[in-house]
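Please look through the model shown here.

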Amino acid sequence: VGDDVFAVGCPFGLEHTVSSGIVSALNRTDVLANRELALIQLDASINLGNSGGPLFNRRGELVGITTARLARGEGIAFAIPID
């Protein structure tokens with residue numbers, strides 16, 4: 001929690017986009033249809049087209065795959081941990 005992360009994707013068809021944020025929480029459940037899957041919560045911009053893109057830390061390590069955003073909240077996104 002508190003680590004810088006970078007999400008790579010193609011939101012709205014705009015290629016080669018990177019957004020940055022911080023890890024807000026770990027082990028968030030009750031987000032996806034599989035309510036037991038623990039996710040990384042982050043505040044990086046994740047828009048349509050970013051899902052499935054990589055989430056990197058400052059060391060360039062792949063830490064997750066962006067998967068969802070909270071529609072009723074601004075700046076609340078989730079990633080599946082890489083492990």
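The text below starts with the basis of the model and then moves from the barrel to the pocket.

This is a predicted model, in which local features need pLDDT of at least 70, side-chain atom pairs count only at pLDDT 80 or more, and totals for chains, interfaces and linings use all residues. Residues are numbered from 1 along each chain as its sequence is written, and side-chain values use heavy atoms, with hydrogens and water left out.

## The barrel

Six strands close into a barrel. Their order is E1-E2-E3-E6-E5-E4, with antiparallel pairing. From one strand to the next, the twist averages 45 degrees. That angle, on a scale from 0 to 180 degrees, is taken between N-to-C directions of axes, which are lines fitted to C-alpha atoms. Strands here are DSSP runs (E, at least two residues), numbered from the N terminus. Two strands pair if DSSP finds at least two bridges between them. Strands of a sheet pair through backbone hydrogen bonds, either parallel or antiparallel.

| Strand pair | Sense | Bridges |
|---|---|---|
| E1 (residues 4–9) and E4 (residues 54–57) | antiparallel | three |
| E1 and E2 (residues 17–28) | antiparallel | six |
| E2 and E3 | antiparallel | three |
| E3 and E6 (residues 77–81) | antiparallel | three |

Alanine 7 has a bridge partner in each of two strands. In E4 the partner is leucine 55. In E2 the partner is serine 19. Isoleucine 40 has alanine 79 as its bridge partner in E6.

E3 is covered on both faces. Leu39 and Gln41 are buried on one side, Ile40 and Leu42 on the other. Buried means under 20% relative accessible area, exposed means over 50%, and partly exposed lies in between (1.4 Å probe, protein chains only). In a regular strand the side chains alternate between the two faces of the sheet.

Is threonine 66 buried or exposed? Threonine 66 is buried, because its relative accessible area is 1%. The residue sits in strand E5 (residues 62–69). Contact means heavy atoms within 4.5 Å. Leaving aside neighbours within four places in sequence, threonine 66 is in contact with Ala7, Ile46, Asn50, Ser51, Gly52, Gly53, Leu55, Phe78 and Ala79.

Glycine 52 lies in the loop between strand E3 (39–42) and E4. Glycine 52 counts as exposed because its relative accessibility is 52%. Not counting residues up to four places away in sequence, glycine 52 touches Ile65 and Thr66. Glycine 52 and isoleucine 65 are 13 residues apart in sequence, and their C-alpha atoms are 5.5 Å apart in space.

## Isoleucine 76

Isoleucine 76 lies in the loop between E5 and E6. Isoleucine 76 is partly exposed, because its relative accessible area is 26%. What does isoleucine 76 touch, not counting residues up to four places away in sequence? The list is Gln41, Leu42, Arg69 and Leu70. Isoleucine 76 and aspartate 43 are 33 residues apart in sequence, with 5.1 Å in space from C-alpha to C-alpha.

## Positive phi

Most residues other than glycine have a negative phi, and most peptide bonds are trans. Asparagine 27 has a positive phi, near 60 degrees. Asparagine 27 is in strand E2 and counts as exposed because its relative accessibility is 58%. Aspartate 30 is not a glycine but has a positive phi of about 60 degrees. Aspartate 30 is in the loop between E2 and E3. At 52% relative accessibility, aspartate 30 is exposed.

## The largest pocket

Rolling a probe the size of a water molecule over the atoms shows where empty space is left. On a 1 Å grid over the protein atoms alone, a pocket is an open set of points where a 1.4 Å probe fits, with protein on both sides within 12 Å along at least five of seven lines. Lining residues have an atom within 4 Å of a point.

The volume of the largest pocket is about 180 Å³. A volume is the space filled by probe spheres set on the grid points, which are joined across faces, edges and corners. The lining consists of Val1, Asp3, Val5, Val23, Leu26, Ile40, Asn57, Val63 and Pro81. Seven of these lining residues are nonpolar, one is polar and one is charged. Ala, Val, Leu, Ile, Met, Phe, Trp, Tyr, Cys and Pro count as nonpolar; Asp, Glu, Lys and Arg count as charged; the others, Gly among them, count as polar.

Note on methods: Helix = DSSP H or I, 4+ residues; strand = E, 2+ residues; numbered from the N terminus.
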